[in-house]
Amino acid sequence: MLFVGIIPARYASTRFPGKPLADLNGQPVIEHVYKQAKKALDLVYVATDDTRIADAVTAFGGEAIMTSPTCRCGTERCEEAFRSWLQSTSMNRHQEINDFVIINIQGDEPFIQPEQIEALKQCFDSPKTQIATLVKPYTAEDTLEALENPNTPKVAIANGEALLFSRSVIPYMRGVDKAEWLHKGQFYKHIGMYAYRADVLREITQLAPTPLEQAESLEQLRWLENGYHIRVGLTNIQTIGIDTPEDLEKARQKTKD
C-alpha cells in the first residue's frame, strides 16, 4: 500500500483570498501544512491552479502539481493531481491502481498532526475500506453552543463507519434536556480529512450531486447516497482551521504559546 498526500490549495477564497500564502510567523500557511504532512508521509504534493502558490511551494523545497481552475472542490483537485502524478512517475509500472491511497489534507490546517494522518492510514488495514475520514468525540467539557454550531458537521457512527453527516446535532436525544446532552450522549465532530483508494476517488468525482448533499452542503453525503462506505478513524486532537483573517490571528497566537 502506497500512501500519497495531496494538499489542495487555491488562491481564491470568499472569506480570505490568498490564505495559503498568508504569513504565519515567518512561513506561509501552506508551508506549515506541508511540513506537518511530511512527518507522516514520504510523498506529499500541493495541488493548485495558481502559479503564486506553486512558486511558494517550490521556494520552501516542496513539490507542487498544477491542476485545472475548473475543479469544483478539493476532491476533484486531488483526483486530477494524482492522475497527473501517476502519469509522470514510474511507480505505475510496478503497482496496481488499488495499491494507492490518496490522503486529502486540508490546505488551511497548519496544525495537522502526524498522529491524525496515521489514524487515517490505519483505516486501510482492511482491504474493504473504500474511503476514510477522521472524527473527534465531543466531551462534557465542550459547550452546547459548540455542539450546535452548523459550521461544524457532526457524524453518526455504527460499527466503525459513518452512517450520516449533518450540520444539525445527531443523534437528537429525545426526552433529554439539552443541557444534559453532552453528559448523557455521545457525539462526534467531523475533522475534514479524507483518504480514498485511487479507484474509488476516480469514481466519486464522476458522481452527480444528490439531495442530501445539496440540503446540507456536505459533499460526503453524495458518497453515502451512492452506496460508498466511509470508515472513521478517531482523534482527540483539536486542530485550528484558517478560514478568516481572525482565524489566522488565533493561529499566530497558538504558535507563540
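1. Start with a charge over a ring. R52 lies over the face of Y11, at 3.6 Å from the ring centre. Keep in mind that this is a predicted model.

2. Next, the aromatic rings. A search of the whole structure turns up 11 aromatic pairs. One of them joins F3 and F124. Their ring centres are 6.3 Å apart, and the planes stand at 75 degrees to each other. Planes over 60 degrees apart count as edge-to-face, so F3 and F124 form an edge-to-face pair.

3. Where do F3 and F124 lie? F3 is in strand β1, while F124 is in the loop between α4 (114-122) and β7 (131-137). The pair therefore ties together parts that are 121 residues apart in sequence. Are F3 and F124 buried or exposed? Both are buried.

4. Look also for an aromatic cluster. Y45, F82, W85 and F100 form one.

5. Now turn to the largest pocket. Its volume is about 2000 Å³. The lining of this pocket has 48 residues. Closest to the pocket centre are R15, K19, Q106, D108 and D243.

6. Which elements supply at least two residues each of the lining of the largest pocket? They are β1 (2-9), α3 (74-88), β10 (188-197), α9 (220-225) and α10 (245-256). The largest share comes from β10, with 5 residues.

7. Finally, check the classes of residue in the lining of the largest pocket. There are 18 polar, 17 charged and 13 nonpolar residues.

Conventions: Residues are numbered from 1 along each chain as its sequence is written. This is a predicted model: local features need pLDDT of at least 70, side-chain atom pairs count only at pLDDT 80 or more; totals for chains, interfaces and linings use all residues. Side-chain values use heavy atoms; hydrogens and water are left out. On a 1 Å grid over the protein atoms alone, a cavity is a set of points where a 1.4 Å probe fits but cannot get out, and a pocket is an open set with protein on both sides within 12 Å along at least five of seven lines; lining residues have an atom within 4 Å of a point. Grid points are joined across faces, edges and corners, and a volume is the space filled by probe spheres set on the points. Helices (H or I, at least four residues) and strands (E, at least two) are DSSP runs, numbered from the N terminus. Ala, Val, Leu, Ile, Met, Phe, Trp, Tyr, Cys and Pro count as nonpolar, Asp, Glu, Lys and Arg as charged, and the others, Gly among them, as polar. Rings of Phe, Tyr and Trp (its six-membered ring) pair if their centres lie within 6.5 Å; planes under 30 degrees apart count as stacked, over 60 as edge-to-face and the rest as tilted. Buried means under 20% relative accessible area, exposed over 50%, partly exposed in between (1.4 Å probe, protein chains only). A charge sits over a ring if NZ of Lys or CZ of Arg is within 6 Å of the ring centre and within 35 degrees of the ring normal.
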